[in-house]
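Keep the structure open as you read.

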Amino acid sequence: MKYWRKLTAILLAFAIFLTACGGAGSDNGTSAAETESAAESQGALISEKQESGEENVSEAANEAQEENAEEGKSEDTASSTPATAAEANAAAGKEATNADLSEAPEIPGLTAESVLPLRYATCFNVFYYSDGYKLIDVPTSAQYLLIPEGKEAPEGLDENIVQIQEPIESIYLAATSAMALFDAIDSIDKVTMSGTSEGGWYIDAPNEALESGAMVYAGKYSEPDYETMIAKDCDLAIESTMILHTPEVQEMIEGIGIPVFIDRSAYETGPLGRTEWVKLYGVMMNKDDDANAFFAEQQKIIDALEDFPNTGKTVAYFSVNTDGSVVVRTNNDYIPAMIDLAGGVYAFDGMFPNVTSSTSSISMEQFYATALDADYLVYNATIEEALGSIEDLVAKDEVFKDFKAVEEGNVWQVDKTAYQSTDKLANLILDFNIMITDGDESQLMFLKKLDK
């Protein structure tokens with residue numbers, strides 16, 4: 001255990017007391033339904049709902065998840081996979097979406113040498129500097145300098161740049177969307193602490209790690225177990241933007257010498273923007289090639305659909321709250337883009353021109369007027385209770401009997417695993433394509449057609 005962290009442990013009891021006092025006197029972040037915003041991390045919100053029983057109406061619905069089983073790849077496939085981000089972009093004929101090298105922040109004594117090319121993600125950049133230093137820039141959040149093992153932060157470094165010392169061997173992860181990405185690059189062993197308990201995971205890797213003891217539950221994002229973090233010699237805490245509702249907790253974590261990284265992948269609107277955050281975590285784990293090779297496989301799925309002709313068939317993607325209102329996605333969200341890539345038309349396309357959030361709660365009357373004749377109804381069960389049949393949907397409101405998709409038996413559902421499977425978003429697009437084209441349902445990963 002690092003000696004300087006041991007010294008801070010004597011202040012722990014008092015610090016926890018201060019945190020408790022600060023939380024008790026504030027209304028901020030006390031309810032997932034009240035604090036949820038378009039950019040909040042899905043996993044944290046779902047954890048809040050599970051613990052409080054409150055209904056969430058927004059963004060948490062859809063981080064697509066679970067580790068893609070790449071073990072079945074043939075040697076020929078593996079050898080043809082681009083090993084670097086630049087090669088992956090070149091192979092796809094795409095330009096990088098990220099910053100130019102000229103935009104690299106100045107760091108005393110270091111020279112910016114290259115930038116990590118990105119295809120979809122727009123919410124982060126990675127700059128490579130001399131002597132092995134790397135800087136992760138997450139606009140509107142922070143800049144993070146990865147300091148190579150055995151080296152120190154450059155003298156005169158901007159105090160606003162968060163310092164992360166390599167190697168990163170012990171992580172507290174409260175941003176559930178990132179777990180599958182660590183698994184995808186074979187780095188889940190570095191996630192020694194979870195902000196979600198075993199019952200809150202719908203993917204195998206963290207459940208198996210928690211069962212074996214390789215990972216421990218260290219409290220949710222708003223109430224982390226500081227003693228465990230110190231005992232586990234935590235090198236880094238990875239939080240969703242939910243942590244912004246409890247700033248005193250972030251201050252506490254930083255106060256005991258643990259840097260906090262805020263995952264903003266929920267802001268990505270591109271089809272694979274969230275999945276491309278695997279490259280960022282590849283940089284953290286010094287597994288750039290693994291991350292880029294994995295992402296290249298996801299790219300192949302998208303590339304195969306890019307020239308697919310649009311069928312004109314309409315798809316309504318939604319969930320129903322307990323108050324009877326309906327939650328749908330706006331065009332700021334990635335689901336409409338997925339449906340378009342899959343060859344469909346999002347039923348609510350253009351309906352929210354002045355809405356900046358990724359979801360919107362509308363009345364059943366509005367939903368009826370727009371989605372009555374939709375070819376497909378897709379129920380989002382990543383937050384709400386899953387439907388067992390079309391009858392369960394009708395039980396929520398009798399008006400569903402009038403819907404074309406209900407009459408024709410074209411009601412589908414996205415299962416619980418989707419919100420945590422950020423490494424398989426491309427497969428969700430493929431699922432939509434199979435649905436729209438009456439393809440082989442045995443190949444579906446997240447979608448299921450409901451029986452009457």
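Which residues form one aromatic cluster? They are Phe-318, Tyr-346, Phe-348, Phe-367, Tyr-368, Tyr-379, Phe-400 and Phe-403. Keep in mind that this is a predicted model. The count of aromatic pairs comes to 16.

**The pair Tyr-144 and Phe-261**

- The ring centres of Tyr-144 and Phe-261 are 4.6 Å apart, and their planes meet at 55°. Planes under 30 degrees apart count as stacked and over 60 as edge-to-face, so this pair is tilted.
- This pair links distant parts of the chain, 117 residues apart. Tyr-144 sits in strand E4 (residues 142-147), and Phe-261 sits in strand E10 (residues 260-262).
- Both Tyr-144 and Phe-261 are buried.

**The pair Phe-367 and Phe-400**

- Phe-367 and Phe-400 make an edge-to-face pair, with 6.1 Å from centre to centre and 65° between the planes.
- Here too, distant parts of the chain are linked, 33 residues apart. Phe-367 belongs to helix H14 (residues 364-371). Phe-400 is in the loop between helix H15 (390-396) and helix H16 (404-407).
- Phe-367 has 0% relative accessibility, so it counts as buried. Phe-400 is buried as well, with a relative accessible area of 0%.
- Both residues are members of the aromatic cluster named above.

**The side chain of Asn-207**

- Asn-207 is part of helix H8 (residues 204-212).
- Its relative accessibility is 16%; buried means under 20%, so Asn-207 counts as buried.
- A polar atom of the Asn-207 side chain lies 3.2 Å from the backbone oxygen of Trp-201.
- Leaving out residues up to four places away in sequence, Asn-207 touches Glu-198 and Trp-201.

Definitions and conventions: Residues numbered from 1 in each chain as written. Predicted model: local features only at pLDDT ≥ 70, side-chain atom pairs only at ≥ 80, totals over all residues. Heavy atoms only, no water. Phe/Tyr/Trp six-rings, centres within 6.5 Å; stacked < 30°, edge-to-face > 60°. Helix = DSSP H or I, 4+ residues; strand = E, 2+ residues; numbered from the N terminus. Buried < 20%, exposed > 50% of the residue type's maximum accessible area, 1.4 Å probe, protein only. Polar contact = N/O pair within 3.5 Å; in protein donor to acceptor, adjacent residues only side chain to side chain. Contact = heavy atoms within 4.5 Å.
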